[in-house]
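User: I am new to this structure. Please show it to me, and then I will ask about it.
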Amino acid sequence: MDECTAWPGEGLLTDTDPSYCAGVAADDNILILLGKRKHASPFPCPGNSWTDSIQASIILRHGRDIAGTRQMVGQSKPLLLEPEALEACLGDSKLLILDLRAPDQYGAGHIPGAINAQYADFVAVRRPAMGMLPDEAQLSTVFSALGVDDSRYVVTYDDEGGGRAARVVWTLEVLGHPAMSVLNGGVRAWVSEGRALDRAPALPSSSEYQATIRRPEAMASSEYILSRLGAEDFMLLDTRSPAEFAGQDVRAARGGHIPGAVNRNWTDNMDQQRDLRLLPDSELRSALEDLGVTPDKEVVVYCQTHHRSAHSYVVLRHLGYGRVRGYPGAWSEWGNTPDLPLEK
């Protein structure tokens, strides 16, 4: 097969960008479509960078487009993984699945092989901020206990559309982990399509993970935001409810929003008819661009504790936005700091 030749029946790979197509030559190590998989990669399927095109084909069968897969910076996996792609990889020794639900929910049934991880381990309370990034020592301990190392492909999921799962993926991105994804639709999508659950707990094998912040450009502080307010190439995306944004639902000493921010509730990105999967990319792009949130700008996302906004961070990165930062201080810091400006 020549580079960028479509797979039978798929009609894909029409993009001739060499960086996208390089390596997609004839090789039965990259057959992954329709539940078939063979791979010889340092990571489990969907594979390393030269199998991004194959993963793109799976995404395209669900109305997604290639751009979000091939434009991501810093990793070779799609940030958004479809359930059938994960199912095809179950049992791979390099795959590490993290279930971010409560222990009783996990015990009632989880994706086979998934390890139960506690969301609280991935946030630090530094009052007034309630959702800060833990320090490197704590993150080293947490990820080592889960068996994370740079050879593992980490897939996260929850039952709320991906907020908790996305916060873990954002944390891994800040640390520069090479391969991680959020399961599109989480356990709801998995179950609704008749896939099996397991009740036996999966026990992690510990590692010696050394957490280091390698991508500080994925984070924003209040000082950074203040330095960028008013810049033409800068946008703030407030992912809270419209009532919080307007200062009617007050969850800090002050209500309102950061000056210049636009509002898109994080749940507006979910398809309520498809088990909380993301809406089609074209709909997401159109809605964001209508707000002025365009790929040529740097975008900082925030909510109350960078839980909901972590989901919007993944949405933007999935869509190919190159400059996105999460603000972990969020409104719990900004709204409780009297000298920071706000609007209602």
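Analyst: The charged end of R325 sits over the ring of Y224, 4.0 Å from its centre. Sitting over a ring requires NZ of Lys or CZ of Arg within 6 Å of the ring centre and within 35 degrees of the ring normal. This is a predicted model: local features need pLDDT of at least 70, side-chain atom pairs count only at pLDDT 80 or more, and totals for chains, interfaces and linings use all residues. Residues are numbered from 1 along each chain as its sequence is written, and side-chain values use heavy atoms, with hydrogens and water left out.

User: Over which ring does the charged end of R195 sit?
Analyst: R195 also has its charged end over a ring. The distance to the ring centre is 5.6 Å. The ring belongs to W190.

User: How many aromatic pairs are there?
Analyst: Rings of Phe, Tyr and Trp (its six-membered ring) pair if their centres lie within 6.5 Å. By this rule, the count is three.

User: Why is the pair of Y327 and W334 called edge-to-face?
Analyst: Planes under 30 degrees apart count as stacked, over 60 as edge-to-face and the rest as tilted. The ring centres of Y327 and W334 are 6.3 Å apart. Their planes meet at 85°, so the pair is edge-to-face.

User: Is W334 buried or exposed?
Analyst: Buried means under 20% relative accessible area, exposed over 50%, and partly exposed in between (1.4 Å probe, protein chains only). W334 has 0% relative accessibility, so W334 is buried.
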